[in-house]
Amino acid sequence: MIKKVLIILLFVLLGLSLYSVVKYNTFGEDKTVVARHYIDYGMKETGSQNIVTAVVVLYRGFDTLGEVTVLFLAATALGALLHGLRFKSKEKEPSSLIVSTAARYIFPLIILFGTYVFVHGHLTPGGGFPGGVIIASAFLLLFLAYTQKEVSEKTLSLTEGTAGILYVITGLLGLVMLNSFLANFLPKGIPGKLLSAGIIPLIYILIGFKVGAEMTGVLRNLKEEEK
Amino acid sequence: MVNPILIIAISLFGAFFIALISPFVKRTGKIIAFLTIGFDLYIGASLALKSLRTPVIAYTAGFKPPFSINLVVEPFSAVFLLIVLTIGFLISLYYLAHPGEEPEDKFFTLLILNLMGASGIIMTGDLFNLFVFFEITAISSYALVSIRKQKASLEGGIKYLIISSIGSSLFLVAIALLYGQTGTLNIADIAAKLPFINKSVALVAFLLILVAFFVESEIFPFNGWAPDAYQGAGEGISALLAGVISKAGLYALIRLTFTLLDLPLRSKLLIVFGIMTFLIAELSALKQKRVKRMLAYSSIGQMGLVVAIFGIGTIPALKAAIFQGVNHAVSKVALFLLVGMVIKNLGIYKLDDYKGLGRKNPLLGLLFSLAILNLLGFPLFAGFWSKLSILLSTGKQGLYLLLSLILTGAIVEVYYYVRFMKILYERNEEASHLEIHLLEAIPIIAMAAFIIIIGVNPGLITPLFEKASEAIFMKFSYINLVIGG
Amino acid sequence: MSSIIIIFVSILVLFMLGATIVAWVTKDLLVAVLSSGTISLIASILYLILQAPDVAITEAAIGAGLTTGIFVYVLKKTERFEK
Amino acid sequence: MNGGAMFYGAAIALIIGGIMIAATKRNLIKIIIGLNIMETGVNLLLITTGYISGGTAPIMNKTWTKVVDPIPQALVLTAIVIGVAVTAMALSIVVRIYEKNNSLDIRKIKEMRW
């Protein structure tokens with residue numbers, strides 16, 4: 001009973017809110033104050049050509065730290081919840097020769113692509129999160145092709161721990177040197193070059209490693225069934 | 001120089017450090033969590049002290065707000081920060097002697113991050129950052145609730161997750177609405193621009209935010225998850241829910257509705273929903289057979305009472321609400337930890353199984369009674385002063401209907417708690433003896449000491465609440481503080 | 001926006017709604033998961049049209065790719081058909 | 001007509017459809033799929049809010065004139081990642097529930113009253 005009333009209330013509320021979004025947030029109009037600043041001065045202040053990256057890593061970098069934490073949390077929680085799970089073991093079928101041969105050649109290419117995506121985050125669309133996930137997908141391919149293949153938990157844990165700590169240290173260095181957490185303490189360089197934008201590529205590389213390790217860990221934990 | 005960011009940075013450092021070394025050295029999580037949270041508390045306490053003189057603001061990335069995210073500690077947030085971190089520290093102290101849930105290292109990582117999320121909710125000055133910390137707290141809570149992997153805990157966890165996810169999506173819609181209208185995400189900046197935006201948009205955003213944070217602060221009708229979560233979780237985690245997670249949700253609710261959306265409708269909605277929660281939860285507590293579930297309903301009821309008193313909105317009422325919130329946190333955490341000790345030693349859950357326990361174990365009985373009497377507002381305990389100021393501030397506003405409803409609920413509360421105490425002190429030769437580990441008992445004894453000292457001399461702490469209620473009452477000083485300076 | 005793009009968008013949106021309905025009615029959870037993946041994929045094309053390439057890449061990699069992968073693993077561990 | 005109705009309409013339909021799936025279905029995995037669809041809808045709503053007619057992607061080069069709002073894009077990036085974290089979390093609880101009850105139906109799971 002309560003549930004039904006709740007759902008109806010929820011829909012009334014949603015309807016109202018969506019109506020006011022459509023009515024008052026007119027489509028395609030410039031309505032920003034803060035964004036103006038980012039667009040006009042963003043490249044000068046951060047040295048990043050991709051303004052979204054500048055916003056994600058610097059202006060709202062604290063959110064991104066939180067976001068990394070959320071992923072870390074999910075990976076930890078998943079490991080904790082699936083800890084000691086035993087299922088009736090199903091038949092383990094080795095995958096076909098075509099898949100495993102293809103995987104052997106494609107795996108390094110996907111890793112390379114993922115790395116490219118997170119290293120060039122300040123120049124082109126992309127960045128640490130998709131880059132890390134692309135790397136994790138390479139491992140997914142590996143898991144599918146070689147069902148007995150293992151990535152050791154130690155390696156993953158070490159990678160995510162180190163990357164996380166380095167991220168925090170980078171932030172603290174900004175606090176020490178410029179009196180503001182996550183401030184850009186490296187030279188900004190010339191926008192458009194690979195080595196530019198100060199700490200942005202550094203942070204995106206750390207995020208890439210961290211996300212890659214965490215997502216691989218998630219997939220590995222879910223895969224682990226027959227033992 | 002103390003910086004609020006250190007709380008976040010140190011917690012993250014601790015959590016990542018556990019992840020780094022746990023494959024090599026097992027079972028270090030407990031110690032690292034204790035040290036990390038202790039350090040957090042130290043920073044939080046010095047921040048709170050400093051904020052009483054001048055509010056502390058820190059901004060990230062080297063850009064001033066509203067262009068970057070800022071953290072603010074002023075008296076109102078300082079009080080909540082102190083509650084959350086102190087309770088968190090006491091819980092981590094309790095876990096030093098009490099086995100954590102398995103796998104232990106991951107459990108303590110989640111605990112650290114949960115406290116980090118709660119302190120982030122309290123300190124942040126940015127709406128979207130609030131959402132991020134809200135999610136950190138929420139995700140770690142789902143995991144902490146269900147980590148026991150029993151039927152009840154999994155069920156509590158998934159219910160909490162589903163309801164809270166819908167709530168947080170609504171919050172995101174509210175953010176989209178407010179951002180579309182004001183073009184900024186800084187809470188103070190939005191508050192400053194709010195008079196110039198469309199009233200109906202503000203109203204809808206207000207309702208969405210209300211729903212999102214009613215879920216977290218366990219207000220009817222969005223609290224369907226809470227009894228199951230409390231019941232299924234480990235006892236330390238139930239204490240965490242009562243003392244930390246719901247308090248962080250309450251802070252966000254009050255901060256946003258008072259600073260951001262100062263609408264005339266506010267006090268009516270808060271009072272109506274709060275008092276409804278109070279009455280329904282107290283009546284449900286009456287028929288519970290399991291101790292933990294009874295405490296859970298009582299906890300929900302108290303949250304409702306606090307929200308209703310906040311809704312009145314005058315300075316004495318705000319003061320009373322904060323005081324009651326603190327008392328509830330202290331008492332309820334002590335009760336849950338005591339129940340945890342009983343369960344660890346004897347493995348009993350039902351109300352009737354507690355027969356004679358207090359008579360057989362004087363210390364246990366004494367601590368139980370102290371916490372309960374404080375909750376009921378017995379004279380010369382801290383709870384007496386907060387209950388008294390609630391009644392006075394309600395009466396002063398002429399809200400006699402509200403007053404009578406509060407009294408009704410309070411009588412129900414007295415009835416089932418006194419019944420519980422009678423069971424505790426009943427004559428029963430078969431009652432078992434309980435071994436109390438000193439380390440486990442320290443946090444509870446500390447809280448009992450707090451209850452008595454404040455009960456004898458409430459003047460020790462009321463000036464703090466006075467400052468806090470002034471800080472939340474005058475929203476323009478907050479706005480000036482953040483974007484004026 | 002030119003009308004060709006609007007027509008294109010309308011077709012995409014129709015597909016999206018279709019996928020939502022499929023996810024709603026189907027008894028086969030795998031089909032439901034794949035339609036939710038399709039919705040994400042179409043959303044990422046819409047992001048591209050709305051000039052948000054970063055979001056598009058992230059949505060395609062995470063929303064459409066990774067989430068679907070996790071769902072499929074979980075379906076393998078539980079059951080495929082809704083009873 | 002400038003296409004806004006299409007985008008807003010799609011976002012609204014996804015949000016409502018997602019909530020309907022989450023609210024009416026009895027299967028836990030279906031409910032989580034519903035939550036996922038709802039999140040996609042909210043993200044689309046945010047991005048649509050930030051669009052500026054004739055704007056280009058906020059990647060700077062010499063010839064840009066008008067640029068879309070980068071902030072909602074940054075927010076949605078965060079929201080997408082949070083979404084996958086919540087989904088992973090939910091599914092791990094679901095796997096455990098299945099192990100205990102051998103069913104994904106919320107009606108069959110004891111004590112699961114709403």
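This is a predicted model: local features need pLDDT of at least 70, side-chain atom pairs count only at pLDDT 80 or more; totals for chains, interfaces and linings use all residues.
**Exercise 1.** Carry out the analysis for Gln51(C): state where Gln51(C) is found and what its phi is near.

*Solution.* 
Step 1: Gln51(C) is found in the loop that links helix H2 (29-49) and helix H3 (53-77) of chain C.
Step 2: The phi of Gln51(C) is positive, near 65°, although the residue is other than glycine.
Step 3: Gln51(C) has 23 C-beta neighbours inside 10 Å and therefore counts as buried.

**Exercise 2.** Describe how H6(A) and H8(A) pack against each other.

*Solution.* 
Step 1: Two packed helices are described by the angle between their axes and the distance between the axes.
Step 2: Give the values. Helix H6 (residues 128-145) and helix H8 (residues 199-223) of chain A pack at an angle of about 35°, and their axes are 7 Å apart.
Step 3: State the handedness. The crossing of H6(A) past H8(A) is right-handed.
Step 4: Identify the residues. Those making the contact include Gly128(A), Phe139(A) and Phe143(A) from H6(A), and Tyr204(A), Gly212(A) and Lys223(A) from H8(A). By class, the contact has twelve nonpolar, six polar and two charged residues.

**Exercise 3.** Characterise the contacts that chain A makes with chain B and with chain C.

*Solution.* 
Step 1: Begin with chains A and B, which share the most contacts of the five pairs of chains in contact. Chain A provides 52 residues and chain B provides 54 residues. On the side of chain B, H5(B) gives the most, with ten residues. That side divides into 35 nonpolar, 15 polar and four charged residues.
Step 2: Turn to chain C. Here 18 residues of chain A meet 13 residues of chain C. H6(A) gives the most to this side of chain A, with seven residues. The side comprises 13 nonpolar, three polar and two charged residues.
Step 3: Check the remaining pair. No contact joins chain B and chain C, and their closest C-alpha atoms are 16 Å apart.

Definitions and conventions: Residues are numbered from 1 along each chain as its sequence is written. Chains are lettered from A and ligands numbered from 1 in the order in which they are written. Two residues are in contact if their C-beta atoms, placed from the backbone, lie within 7 Å. Helices (H or I, at least four residues) and strands (E, at least two) are DSSP runs, numbered from the N terminus. Ala, Val, Leu, Ile, Met, Phe, Trp, Tyr, Cys and Pro count as nonpolar, Asp, Glu, Lys and Arg as charged, and the others, Gly among them, as polar. Axes are lines fitted to C-alpha atoms, for helices over the stretch in contact, and angles run from 0 to 180 degrees between N-to-C directions. A crossing is left-handed if the near helix is turned anticlockwise from the far one by less than a right angle, and right-handed if clockwise. A residue is buried if 20 or more other C-beta atoms lie within 10 Å of its own, exposed if 12 or fewer, and partly exposed in between; C-beta atoms are placed from the backbone.
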